[in-house]
Each structure stands twice: as C-alpha cells, then as structure tokens.
Amino acid sequence: MIKLEDRISVIILCLITFMGTFYALMMVNANFATAFLESLGRPIPNEDTLFWMGWWGYIYLGLGIGNIMAILSPASDSRVFFRAMTMVAMISLIRVLGNQLAADDLSITPTLIAQFLVLIGYSVVLTRTNSRLGKHFGWL
Amino acid sequence: MLLLLSNRGEIVMFKTDDKLIQICLAVSYAILALYGIINYFNPEYIINQYNSLESNDTNRFFLGWYGMMNLGAVAGLIYMGYKGLDRAYFAYAIPLAALFTIWAYMGQSALPEDQQNWTAMGLFVVNLVVLLIARIRGLGGLDFTKAVNMWGTSDKLCQIIFTIGLIGQALFVVQYIFAPSSFIDQTPGLEASDVAQRFVMGLMFFSLAWTIALLYQLRTGYSMSLIVTSLVISTMFMCTMLNFYASGSVQDGGNTFLSINILGNFIGSLIVFFRLQSQH
C-alpha cells in the first residue's frame with residue numbers, strides 16, 4: 001500500500017502529517033485557537049482572526065492529505081510536491097523569524113522549533129528521494 | 001469525485017463496472033462526508049437546525065465525536081473505491097446505518113411535534129438503502145468462510161491488538177447496558193441531560209457496529225478498509241484529545257479511561273496498519 005520507497009521519508013512524512021493535523025484541528029476549533037493565542041501571549045482573537053485561523057487550519061488539513069498521498073505514491077510521482085513543500089516550510093520559518101525580529105523579541109519558541117523541524121524534515125525527504133532540483137536540472 | 005474518476009475510465013472505482021453500485025456508494029460517501037464535516041467542523045449549524053439541541057460544550061463534544069466517526073467511514077469508502085468492495089466494511093457500515101436509523105427515530109419520536117426534525121433520519125434511511133443495494137449487487141449472499149488463521153494473519157502482535165480491540169468495544173456495550181449514564185458521570189465537563197444520554201446511546205451503537213465487524217473479521221480475516229477507517233478515526237481522536245489538553249479545556253484531569261482508550265486505539269491502529277499494509 002505504501003509506495004514511497006524510502007522508509008525514513010515515510011516516517012518523517014507521517015510525523016509531519018500528525019503534527020500538521022494537530023495544528024489544523026487547533027486552528028479550526030475556536031476554543032482551541034483562542035487558547036493557542038493566549039499561550040503565545042496574544043490578545044483574545046475576534047471573529048475575523050478566528051476565521052483566518054480556521055482558513056489556515058483547512059489548508060494544513062489539505063497539505064496533510066497531500067502528505068498521505070505522497071506516502072502512497074512512488075517518489076517519482078511526488079517530486080514537485082516535495083519541492084513545493086520544502087519551499088513552503090522555508091518561507092514559513094523565515095516568516096516566523098521575521099515576525100520575531102520585527103517585534104525585537106528573538107527567542108526560541110515551540111512554533112519556531114516546529115517550523116524548523118518541518119523544514120529539516122522536508123529537506124531530508126527531498127534529498128533521500130532524489131527530488132532536489134539540482135539532480136534533474138542543468139544549471140548551465 | 002468518485003463518479004468523475006470512474007467516468008474518465010482511468011480507474012474503475014470499487015473495481016466494478018456496475019454503475020448502480022458506484023452511484024450507491026457515491027451517495028453514501030456524500031451523506032457520510034456531509035455529516036462528518038458539519039458535525040466536526042461546524043457543530044453550531046446542526047445545533048441551530050434542531051430545537052432540542054442546546055448550544056453547549058456537551059452537545060458540541062458529542063457532535064465532534066460523531067463527525068470523526070463519519071470521516072473515518074469516508075476514508076474506508078475511499079479505500080474501497082481504489083481496492084474493491086470489501087465484505088467486512090459492509091459488516092460494519094450496514095449495522096451502523098440500521099442502528100442509527102433506529103436511534104434517529106427514537107430521538108425524534110420522543111420529542112414534541114413542534115421540535116421534531118426528520119432530515120437526519122431521512123438521510124440515514126437513504127444511506128442504509130444504498131449500502132444494502134451496493135452490498136447485495138456487488139457481493140451477493142452472506143459469506144462466513146473461515147480464514148486460515150485467527151483474524152486472517154499469522155502476525156501474533158496484530159492478533160493480540162485485534163482481540164484487545166474486540167474486547168474493548170464489547171465491554172463498552174456491556175457497560176452501557178448495565179450503567180447507561182456512567183460515561184457522562186466519568187467525564188468531567190459533560191452535563192447530564194436527555195439529549196446527552198441519547199448521544200451516549202449513539203456511542204454504544206458505534207461500539208456495537210465495531211463489535212459485529214470485529215467478530216466477522218475474527219472468523220473471515222482482517223479487513224484493510226476497516227484498518228484504514230480505524231486509523232483515520234483514531235488519529236483524529238488523538239489530535240483532538242491533545243488539543244483538549246493543550247488548550248486547558250480538560251477539567252479535573254478528564255476521563256482517564258477514555259484518554260487511555262484513545263491512546264491505545266491510536267497506537268494499536270498504527271501498529272496494525274504498518275505491519276499489514278505491505279500485503280495490500
């Protein structure tokens with residue numbers, strides 16, 4: 001049933017999917033989302049904030065389903081997905097770092113660690129499945 | 001989605017050319033997905049549709065529970081869509097659809113006429129009928145051919161996990177019969193009411209359907225469709241439970257027995273899935 005050839009990549013994608021599902025369900029549920037923001041020291045979210053958090057939650061769920069599809073397919077069918085997800089993970093990490101720098105509060109938070117681990121995870125998957133763009137593209 | 005794929009001709013959905021079966025299961029898919037998504041992601045909509053439902057955490061808790069069970073059944077249907085019809089899935093889904101038809105009738109008929117809403121009951125009946133049509137047309141008569149090994153696998157660990165699952169589900173049914181209100185009593189934060197009690201009866205029906213399906217698999221062999229169903233349900237339960245703890249919504253330590261069950265289901269489903277998936 002699992003067609004992705006590399007076992008380590010399967011484990012990494014499963015972990016990322018579980019973490020993504022956890023965050024997705026947190027964001028789509030108003031009570032969970034409010035508690036999450038309070039734990040970050042943010043003000044209680046209004047209806048608009050909850051709407052956009054829920055929106056992100058659904059995107060997380062969709063990406064989680066994408067991960068599952070990638071696990072159930074050979075790596076050759078998922079190369080573009082792995083590249084795109086690595087890019088998304090990198091941009092997300094830069095955004096978290098940027099937000100902290102802008103607030104002049106650079107500290108190691110669970111969100112920062114999570115984003116970092118996701119980027120490392122996708123990078124490992126990218127390399128182990130021979131999906132790095134350099135493997136398939138003549139730069140010169 | 002199921003119909004579109006079959007019409008393109010790339011994949012014969014449910015590994016059958018019988019359009020009626022495909023349509024019936026697509027209808028079941030739509031009903032289950034509809035209730036799964038609404039119950040879990042927007043319980044307020046359901047609460048607004050039923051005068052008998054108050055907007056409180058207890059009702060939202062149970063609606064979320066039902067939603068996750070429906071989404072798991074959707075995953076099982078999708079799996080069958082690619083791998084072909086599976087007797088064990090119907091051994092779970094048909095009793096469940098029948099039990100929930102009875103459940104909906106009992107719930108609505110007990111209400112005053114001005115509070116009754118028969119929409120869900122109607123959809124449950126449709127779901128039951130389409131499942132019966134698909135089962136009878138696609139797989140013929142009942143078949144209880146004994147598998148070579150208990151649970152259809154020689155993997156001892158999987159056999160133990162399946163057996164624990166069967167005992168756990170059966171125990172929940174027995175517990176409900178002797179003490180129907182015990183689940184609410186044991187779960188801090190849940191308010192006892194007639195509606196909550198009816199929801200607990202629904203939980204017992206889920207366990208009863210799983211017990212029937214597990215007994216069937218004990219004799220005829222395990223079903224990958226139901227393992228996928230269980231994996232999706234248990235993952236959603238696990239993530240939801242962690243969110244309850246992370247958000248501080250769990251009162252007085254919560255229901256320890258329920259937490260252990262959710263954790264056990266999750267780990268058990270993962271082990272069974274990864275140990276048996278290579279054969280499918």
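Why does Phe14(B) count as buried? Phe14(B) has 24 C-beta neighbours inside 10 Å, so it counts as buried. A residue is buried if 20 or more other C-beta atoms lie within 10 Å of its own, exposed if 12 or fewer, and partly exposed in between, with C-beta atoms placed from the backbone.

The model is predicted: local features need pLDDT of at least 70, side-chain atom pairs count only at pLDDT 80 or more, and totals for chains, interfaces and linings use all residues. Residues are numbered from 1 along each chain as its sequence is written, while chains are lettered from A and ligands numbered from 1 in the order in which they are written.

Stay with Phe14(B). This residue sits in the loop between α1 (2-8) and α2 (19-41) of chain B. Helices (H or I, at least four residues) and strands (E, at least two) are DSSP runs, numbered from the N terminus. Phe14(B) is not a glycine, yet its phi is positive, about 60 degrees. Lys15(B) lies in the loop between α1 and α2 of chain B. Lys15(B) is not a glycine either, and has a positive phi of about 50 degrees. Most residues other than glycine have a negative phi. Lys15(B) counts as partly exposed because it has 13 C-beta neighbours inside 10 Å.

Now move to helix α3 (residues 43-49) of chain B, where Pro43(B) is found. Pro43(B) is buried, because 21 C-beta neighbours lie inside 10 Å. Not counting residues up to four places away in sequence, Pro43(B) touches Arg60(B), Leu63(B) and Gly64(B). Two residues are in contact if their C-beta atoms, placed from the backbone, lie within 7 Å.

Next come the cores. A nonpolar core is a set of buried Ala, Val, Leu, Ile, Met, Phe, Trp, Tyr and Cys residues joined through C-beta atoms within 7 Å. The largest has 87 residues, and Tyr92(B) and Ala213(B) have the most contacts inside it. Helix α4 (residues 57-83) of chain B gives the most to this core, 13 residues. Apart from it lies another core, of 12 residues, including Ile16(A) and Tyr122(A).

Last, the contact between the chains. Chain A brings 13 residues and chain B brings 11 residues. On the side of chain A that touches chain B, α1(A) supplies the largest share, six residues. That side divides into 10 nonpolar, three polar and no charged residues. Here Ala, Val, Leu, Ile, Met, Phe, Trp, Tyr, Cys and Pro count as nonpolar, Asp, Glu, Lys and Arg as charged, and the others, Gly among them, as polar.
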